[in-house]
Amino acid sequence: MSPDLAHTPLHHLHLELGARMVPFAGYEMPVQYPSGILAEHLHTRQAAGLFDVSHMGQARIVGRDRVAALEALIPGDIQALAAGRIRYSQLTNEQGGIKDDLMVTNAGDHLFLVVNAACKTADIAHIKAGLAGMATIEVAADRALLALQGPLAATVLARLAPEVAVMDFMTWRAVDISGIACLVSRSGYTGEDGFEISLPDDRAEEFARRLLAEPEVLPIGLGARDSLRLEAGLCLFGADIDETTTPVEAALTWSISKRRRIEGGFPGAAVVQRQLAEGMTRKLVGFRSLDKAPARAHTAVIDAAGQSIGLITSGGFGPSVGAPVAMGYVTSAFARSGTPVRLLVRGTPRDAVVADLPFFPHRYRKS
């Protein structure tokens with residue numbers, strides 16, 4: 001493994017647990033443990049899985065004008081975000097393309113951000129420049145981030161911190177857990193109920209071991225993380241969304257409130273508003289293959305005449321679905337659910353249909 005790769009605070013624990021480590025976003029990360037990706041995926045769907053996501057970027061935005069300053073960079077409605085609530089949004093460019101997607105929390109006296117690992121340095125620089133004179137961004141470089149996901153995640157975490165049991169989906173709160181100052185959110189990128197725990201990096205291994213001691217919890221690697229989010233129909237930056245795709249094309253219009261759609265005021269707003277009014281030429285959709293051959297990223301989508309109509313951006317076998325699933329873009333004329341298409345898998349056309357997302361139902365906690 002390259003000596004240039006960074007390590008998370010749980011690196012030695014991953015090795016102790018027998019993880020297979022791979023380079024990912026500049027870090028050496030666990031792709032799977034001895035039980036394997038399939039078992040890890042199914043365990044997360046059935047019980048609780050612990051993911052190390054400490055490679056992701058965490059930061060605070062402080063200052064009186066922090067809301068207006070951030071809204072000038074993203075299409076998300078932060079003005080309407082109540083204290084203790086989380087919003088999913090995107091950093092956009094002048095063409096309406098997505099520079100990155102992120103989570104924004106109203107933490108009361110500041111905004112707390114979580115951004116993708118591969119983009120975090122560029123994101124922080126971009127946000128810092130955009131906030132100039134209005135607010136300040138502070139990188140939380142001394143914090144680890146763990147994700148506990150699955151239908152029994154709340155049962156496990158509530159043993160250590162009973163107050164988390166009443167939290168709803170997309171909420172956040174500061175919680176003292178066994179003497180550790182934690183910032184707990186209830187969201188997740190698996191489609192399952194679950195929590196993200198931000199905590200001091202020098203307490204991360206201790207806390208992870210505490211969770212892994214619970215009978216419901218197993219460590220989960222990047223492989224199962226990807227198959228879980230694919231079944232949940234959740235976009236992966238750099239695959240399903242990037243600077244050439246807009247939130248409208250990526251079926252993320254739900255993340256833009258009516259006020260922001262009308263007022264604009266974010267990079268690429270004119271492009272987004274035009275697509276909302278007039279439609280777009282392509283759209284992100286799901287695909288279900290009618291045979292057993294999974295279509296991977298970069299697989300061409302063709303029509304009955306063999307003409308190219310789109311491209312797969314994420315694909316593979318869905319362990320919970322029990323069949324191949326995929327996501328990608330097609331021209332708008334083929335975007336209706338149930339439309340027959342063909343996927344050019346290793347040069348062979350395979351019959352498939354456009355499918356609704358998600359492939360596996362979300363099970364977030366909403367009161």
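Leaving aside neighbours within four places in sequence, G310 is in contact with A300, V301, Y329 and V330. This briefing concerns a predicted model.

**G310 in strand β16**

- G310 belongs to strand β16, which spans residues 308-318.
- The relative accessibility of G310 is 18%, so this glycine counts as buried, the cut-off being under 20%.
- G328 lies 18 residues from G310 along the chain, and the C-alpha atoms of G310 and G328 are separated by 7.3 Å.

**A72 in the loop between α3 and β5**

- A72 sits in the loop that runs between α3 (66-71) and β5 (86-92).
- With a relative accessible area of 36%, A72 is partly exposed, a class that lies between the limits of 20% and 50%.
- Not counting residues up to four places away in sequence, A72 touches G265, F266 and P267.
- The C-alpha atoms of A72 and G130 are 7.7 Å apart in space, while the two residues are 58 residues apart in sequence.

**The crossing of α5 and α6**

- Two packed helices are described by the angle between their axes and the distance between the axes.
- For helix α5 (residues 153-160) and helix α6 (residues 204-212), the axes come within 10 Å and cross at roughly 120°.
- α5 and α6 are therefore oblique to each other, and α5 passes α6 in a right-handed crossing.
- The contact is formed by V156, L157 and L160 in α5, which meet F207, R210 and L211 in α6.
- By class, this contact of α5 with α6 has 5 nonpolar residues, no polar residues and 1 charged residue.

**The buried side of α6**

- The residues A204, F207, A208 and L211 in α6 are buried.
- These residues lie on the same side of α6 because they cover an arc of only 100° around the axis.
- An α-helix has 3.6 residues a turn, so residues three or four places apart point the same way.

- In helix α9 (residues 269-278), the buried residues are A269, V271, V272 and Q275.
- Their arc around the axis is only 165°, which puts them on the same side of α9.
- The exposed residues A270, A277 and E278 are carried by the face of α9 turned away from its buried side.
- G279 follows α9 and has a positive phi, near 90°.

Technical notes: Residues numbered from 1 in each chain as written. Predicted model: local features only at pLDDT ≥ 70, side-chain atom pairs only at ≥ 80, totals over all residues. Heavy atoms only, no water. Axes fitted to C-alpha atoms, helices over the stretch in contact; angles between N-to-C directions. Helix = DSSP H or I, 4+ residues; strand = E, 2+ residues; numbered from the N terminus. Parallel < 35°, antiparallel > 145°, perpendicular 65-115°, else oblique. Left-handed = near helix turned anticlockwise from the far one by under 90°. Contact = heavy atoms within 4.5 Å. Nonpolar A, V, L, I, M, F, W, Y, C, P; charged D, E, K, R; others polar. Buried < 20%, exposed > 50% of the residue type's maximum accessible area, 1.4 Å probe, protein only. Arc of directions from axis to C-beta.
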